[in-house]
Amino acid sequence: MWLDYELARQAPQIMLRAYLYARLNPDLGPRQPRNWPGFVRQFCTYQTLHRPEAYDDLRQYLQITFGFDYQSTAELQALVDLDQVGKLAKQLAPVKKALAVYGRRRNGETSRVTEFGWGTWWPTGETTIVRLTRQLTRDNKGHYIMRPDFLLNFLTLAPSARTARKALATVFPSILGVRLARRMPETAFYKIMDKMAEAEGLDDARRTVEISKLTNRLKSDLAHQYMATGAARRPAPLDLAAARDAEDAGPG
């Protein structure tokens with residue numbers, strides 16, 4: 001069976017991944033394992049792999065190699081209030097979802113760019129998590145949250161592509177131009193026209209990148225108030241302080 005790094009990284013167990021990485025690394029020289037038992041013997045006795053002795057072998061190996069001090073779970077639990085630990089763990093649990101969003105983007109989406117932006121998001125109206133992940137958002141240069149309001153307004157109410165093409169083919173530019181001029185301030189209208197002229201000056205690839213960035217920003221706008229057509233109501237906006245935190249973290 002042919003194996004490469006991308007396939008090896010999909011192995012679910014950390015020891016198995018380490019073994020596959022070692023098999024793919026020619027720089028290890030004589031330390032490169034020939035088989036699975038040979039790899040396991042570098043850390044513990046292969047015959048005791050599924051016994052408690054293997055745990056002690058691996059622990060002692062790590063202590064000697066990295067200079068670790070070992071404390072058991074029982075010793076650590078004696079140092080803290082377990083109720084507080086449980087509350088903190090519950091509070092931080094959503095961070096896993098944020099990390100999963102960024103991980104899926106790196107592993108499956110960075111190889112392609114479209115006008116539709118990122119395809120992996122966490123649709124939620126939760127705001128507390130925004131404050132806890134400000135640095136994470138900065139490090140990944142974009143947000144991971146998509147508001148449910150966006151899905152309601154831009155997906156469920158959107159026409160099919162065929163219907164949109166058919167309708168828009170007959171309205172550009174005359175009817176749409178008249179309606180735009182009547183329904184918005186003159187300064188805003190000319191600003192849109194300037195942006196359109198600027199976009200026309202870009203080549204297709206550059207324009208795709210810019211549209212993708214704007215699409216991501218629209219999806220992750222935590223402060224925008226949407227009017228849900230058909231529901232005759234305006235959904236409550238997210239917490240404004242959280243929205244400001246998101247803006248500080250940078251556009252999506």
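Colleague: How many aromatic pairs does the structure hold?
Modeller: This is a predicted model, where local features need pLDDT of at least 70, side-chain atom pairs count only at pLDDT 80 or more, and totals for chains, interfaces and linings use all residues. Residues are numbered from 1 along each chain as its sequence is written, and side-chain values use heavy atoms, without hydrogens and water. Rings of Phe, Tyr and Trp (its six-membered ring) pair if their centres lie within 6.5 Å; planes under 30 degrees apart count as stacked, over 60 as edge-to-face and the rest as tilted. The number of aromatic pairs is nine.

Colleague: Is the pair of Tyr5 and Tyr21 stacked or edge-to-face?
Modeller: The ring centres of Tyr5 and Tyr21 are 5.3 Å apart. Their planes are at 25°, and the pair is stacked.

Colleague: What is the arrangement of the rings of Tyr19 and Phe39?
Modeller: Their centres are 5.5 Å apart. The planes stand at 55°, so the pair is tilted.

Colleague: Are Tyr19 and Phe39 buried or exposed?
Modeller: Buried means under 20% relative accessible area, exposed over 50%, partly exposed in between (1.4 Å probe, protein chains only). Tyr19 and Phe39 are both buried.

Colleague: Which residues form one aromatic cluster with Tyr19 and Phe39?
Modeller: Tyr19 and Phe39 belong to one aromatic cluster.

Colleague: Which residues is Ala98 in contact with, leaving aside neighbours within four places in sequence?
Modeller: Contact means heavy atoms within 4.5 Å. With those neighbours left aside, the contacts of Ala98 are Leu136 and Tyr144.
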